Amino acid sequence: MERKPSRPVQILLYIGLALGLVLLLRLAFGGLTGSGERMQAKRAAETDKIDVMNLAFMQRAIELAEQNIRQGGGPFAAVIVKDGRIVAETGNTVTKSLDPTAHAEVNAIREACRRLQTFELSGCEIYSSCEPCPMCMAAIYWARLDKLYFAATRQDAAAAGFDDDFLYKEVPLACGERSLPCVNIMADEGKQPFAAWARYEEKIPY
Ligand SMILES: [Zn+2]
């Protein structure tokens with residue numbers, strides 16, 4: 001015949017269960033904290049990994065940005081590096097080339113792609129004298145660059161009279177909330193090029 005555990009034994013069992021549960025929770029959360037700490041340690045290690053070459057490439061970008069002012073451009077420059085060698089370095093040429101998109105990073109991406117005869121720059125890293133504006137940040141993503149280093153921040157650029165920080169605030173806004181009037185029309189017809197792209201067998205995906 002099965003005997004029910006006595007009351008004190010039952011209480012001990014409950015305490016045991018509760019302790020087990022606490023231990024499990026601690027393990028779970030401890031594990032999470034541990035992975036958070038590991039992430040931080042990884043990031044710290046990444047920062048530690050900044051070596052003399054990283055600093056030299058950034059120094060080059062900063063020097064070029066300063067030189068660029070005297071050459072009629074804005075106070076920005078970017079350097080693109082592949083396998084430890086500079087493949088493109090340019091300043092901002094907006095006013096000189098009458099091109100509002102001729103930011104340093106865009107210019108550098110164009111130059112690197114021309115030199116390497118490619119439309120994507122995986123395997124390359126970009127050094128920008130200043131945190132890229134949203135256009136350049138997107139261009140860096142489009143170009144599939146491996147990594148971005150920047151020196152001055154968007155706030156430094158704003159203090160110097162540039163719109164970078166303002167644009168970062170505008171971009172996430174919904175269409176009607178932006179300072180730029182922005183109207184969605186012919187949305188269905190607008191899908192036609194995508195249908196044509198999907199049908200086109202000789203496309204080069206990017
Ligand atoms: Zn830019």
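Residues are numbered from 1 along each chain as its sequence is written. Because this is a predicted model, local features need pLDDT of at least 70 and side-chain atom pairs count only at pLDDT 80 or more, while totals for chains, interfaces and linings use all residues.

Visitor: What pattern does the chain follow, read along the sequence?

Guide: Helices (H or I, at least four residues) and strands (E, at least two) are DSSP runs, numbered from the N terminus. The chain holds 7 helices and 4 strands. Read along the sequence, they give the pattern α-α-β-β-α-β-α-β-α-α-α.

Visitor: In what order do the strands of the open sheet stand?

Guide: Two strands pair if DSSP finds at least two bridges between them. The open sheet has 4 strands with mixed pairing, and their order is β2-β1-β3-β4.

Visitor: Which are the edge strands of this sheet?

Guide: An edge strand here pairs on one side only. By that criterion, the edge strands are β2 (85–91) and β4 (147–152).

Visitor: How many bridges join β1 to β3?

Guide: Strand β1 covers residues 77–82 and strand β3 covers residues 124–130, and the two run antiparallel. Within this pairing, Val 79 stands opposite Tyr 127, and the partner of Val 81 is Glu 125. The number of bridges joining β1 to β3 is 5.

Visitor: Which residue of β2 stands opposite Val 81?

Guide: Strands β1 and β2 pair in the antiparallel sense over 6 bridges. In this pairing, Lys 82 stands opposite Arg 85. The residue of β2 opposite Val 81 is Ile 86.

Visitor: How many residues of β1 are buried?

Guide: A residue is buried if 20 or more other C-beta atoms lie within 10 Å of its own, exposed if 12 or fewer, and partly exposed in between, with C-beta atoms placed from the backbone. Strand β1 is mostly covered, and the number of its 6 residues that are buried is 5.

Visitor: Is Asp 83 buried or exposed?

Guide: Asp 83 is in the loop between β1 and β2, which form a hairpin with 2 residues between them. Its phi is near 50°, a positive value in a residue other than glycine. Most residues other than glycine have a negative phi. Because Asp 83 has 7 C-beta neighbours inside 10 Å, it counts as exposed.

Visitor: Where does Gln 117 lie?

Guide: Gln 117 also has a positive phi of about 50°, although it is not a glycine. With 6 C-beta neighbours inside 10 Å, Gln 117 counts as exposed. Its place is the loop between α3 and β3.

Visitor: What span does helix α2 reach from its first C-alpha to its last?

Guide: The expected span of a helix is 1.5 Å times one less than its number of residues. Helix α2 (residues 52–70) has 19 residues, for which 27 Å is expected. The span in the model is close to this, at 28 Å.

Visitor: Within what arc do the buried residues of α2 fall?

Guide: The buried residues of α2 are Phe 57, Ala 61, Ile 62, Leu 64, Ala 65 and Asn 68. They line one face of the helix, because, seen down its axis, they fall within an arc (taken from the directions from the helix axis to the C-beta atoms) of 160°.

Visitor: Which exposed residues does the other face of α2 carry?

Guide: What covers the buried residues of α2 includes β1, β2, β3 and β4. The face turned away from that buried side carries the exposed residues Val 52, Leu 55, Glu 66 and Arg 70.

Visitor: Which residues does Ala 78 touch?

Guide: Two residues are in contact if their C-beta atoms, placed from the backbone, lie within 7 Å. Residues up to four places away in sequence are not counted here. Ala 78 then touches Ala 61, Thr 90, Ala 104, Glu 105, Ala 108, Ile 126, Tyr 127 and Ser 128.
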